[in-house]
Amino acid sequence: MSFDPRITPARGDLAASSLRGNVEAKSFVEGETSAICVGRTGLRAGPSATSGMASEVLFGETLTVYERRDGWAWVQCALDDYVGYVREEALGEPMRPTHRVIATSTPLLPAPDVKRPALDLLPMNAQVHVAGYEGRFARLASRGFVFADHLVTLDDRQKDWVAIAERFLGAPYIWGGKTYEGLDCSGLVQTALQTAGIACPRDSDLQEKALGRAVEDLSRPQRGDLVFWKGHVGIMLDGARMLHANAHSMNVTIERLSEAIMRIAKTGSEVTSLRRL
């Protein structure tokens with residue numbers, strides 16, 4: 001059988017026990033559940049700081065750890081099944097989150113006091129367990145305090161996920177990123193859709209296969225439609241303008257779809273589909 005290595009925990013020497021009989025590996029392991037205990041950390045293609053960043057994993061996200069070696073852990077993310085390597089010090093005990101961050105980012109403070117230096121920054125969709133409240137601040141079970149108005153309960157569903165995506169206008173383009181500190185085109189889509197409770201794969205080709213239905217008439221896009229090229233995706237704001245994180249301007253920008261189509265066509269790439277959620 002053929003498997004996508006991005007979302008399949010299998011190597012020649014090691015694989016998940018659930019894949020026994022389907023893949024060849026020298027050994028199989030059950031894996032252990034863990035969670036990210038820092039604001040964000042890179043999910044890398046290899047166990048090295050110089051390996052490419054395939055994605056990011058955020059505070060509170062659950063992972064299955066299949067191997068720990070030389071300060072690196074080989075993991076699979078519960079959110080989107082993505083497989084890669086994270087620094088071992090970014091792993092902590094699993095939690096039972098009660099809330100998630102809805103602001104683009106929020107400081108994790110050592111006390112309910114805005115004048116105290118932040119311990120970390122928690123990005124949008126970071127998951128936390130709120131143990132109580134002190135004034136305007138939520139006290140987290142792990143450590144620290146965050147501004148309570150920057151949180152929503154886990155079952156909250158944002159009605160306008162496109163408006164959420166618009167908050168990232170101007171954020172820098174970083175391959176594999178998915179926070180306001182830097183994100184790529186598919187990271188922007190996944191991050192915004194997560195706030196609406198819509199399951200979304202990590203990469204644009206997987207998103208094109210999994211999300212919505214195809215719209216044949218490219219000349220009549222609507223707000224919230226996704227426009228796909230090979231290796232790229234944009235979000236329609238209306239019938240003419242598209243929001244996308246892109247390497248052309250190296251940030252999240254608004255561009256007329258017609259202009260983007262002409263510009264990208266000069267690189268040899270055409271629109272592959274328009275999909276409506």
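A disulfide is a pair of cysteine sulfur atoms within 2.5 Å. The views below come from a predicted model, in which local features need pLDDT of at least 70, side-chain atom pairs count only at pLDDT 80 or more, and totals for chains, interfaces and linings use all residues. Residues are numbered from 1 along each chain as its sequence is written, and side-chain values use heavy atoms, with hydrogens and water left out.

**View 1. Two cysteines without a bond.** Start with the sulfurs: the structure holds zero disulfides. The sulfur of Cys-37 has its closest cysteine sulfur in Cys-77, and because 14 Å separates them, they are too far for a bond. For Cys-77 the closest cysteine sulfur is that of Cys-200, also 14 Å away and too far for a bond. Cys-37 is partly exposed, with a relative accessible area of 29%, whereas Cys-77 is buried at 4%. Here buried means under 20% relative accessible area, exposed means over 50%, and partly exposed lies in between (1.4 Å probe, protein chains only).

View 2. Strands and helices here are DSSP runs numbered from the N terminus (E, at least two residues, for strands; H or I, at least four, for helices). Follow the order β20-β25-β21-β22-β23-β24 across this antiparallel sheet. Strands β20 (213-214) and β24 (251-256) stand at the edges; each has a single partner strand, so one side of each is left without a neighbour in the sheet. Two strands count as paired if DSSP finds at least two bridges between them. Between β21 (residues 226-229) and β22 (residues 232-236), which run antiparallel, there are four bridges. Look for Trp-229, which stands opposite His-232 in β22.

**View 3. Two helices across the sheet.** Helix α2 (residues 185-195) lies across β21, β22, β23 (241-246) and β24, and runs at about 45° to β22. Helix α4 (residues 257-265) lies across β21, β22, β23, β24 and β25 (271-276), at about 105° to β24. Contact means heavy atoms within 4.5 Å; axes are lines fitted to C-alpha atoms, for helices over the stretch in contact, and angles run from 0 to 180 degrees between N-to-C directions. In α2, 11 of its 11 residues are buried, including Cys-185, Leu-188 and Gln-190. After α2 comes Gly-197, whose phi is positive, near 75°.

**View 4. The largest pocket.** A pocket is an open set of points on a 1 Å grid over the protein atoms alone, with protein on both sides within 12 Å along at least five of seven lines; a cavity is a set where a 1.4 Å probe fits but cannot get out, and lining residues have an atom within 4 Å of a point. Grid points are joined across faces, edges and corners, and a volume is the space filled by probe spheres set on the points. The largest pocket holds about 490 Å³ of space. Of its 27 lining residues, Tyr-173, Trp-175, Cys-185, Gly-231 and His-232 are the closest to its centre. Two or more lining residues come from each of β5 (53-58), α2, α3 (204-210), β23 and α4, and β23 gives the largest share, three residues.

View 5. Five of the six residues of β5 are buried. This strand pairs with β4 (residues 40-44) in the antiparallel sense over five bridges, and Arg-40 stands opposite Leu-58 in β5.
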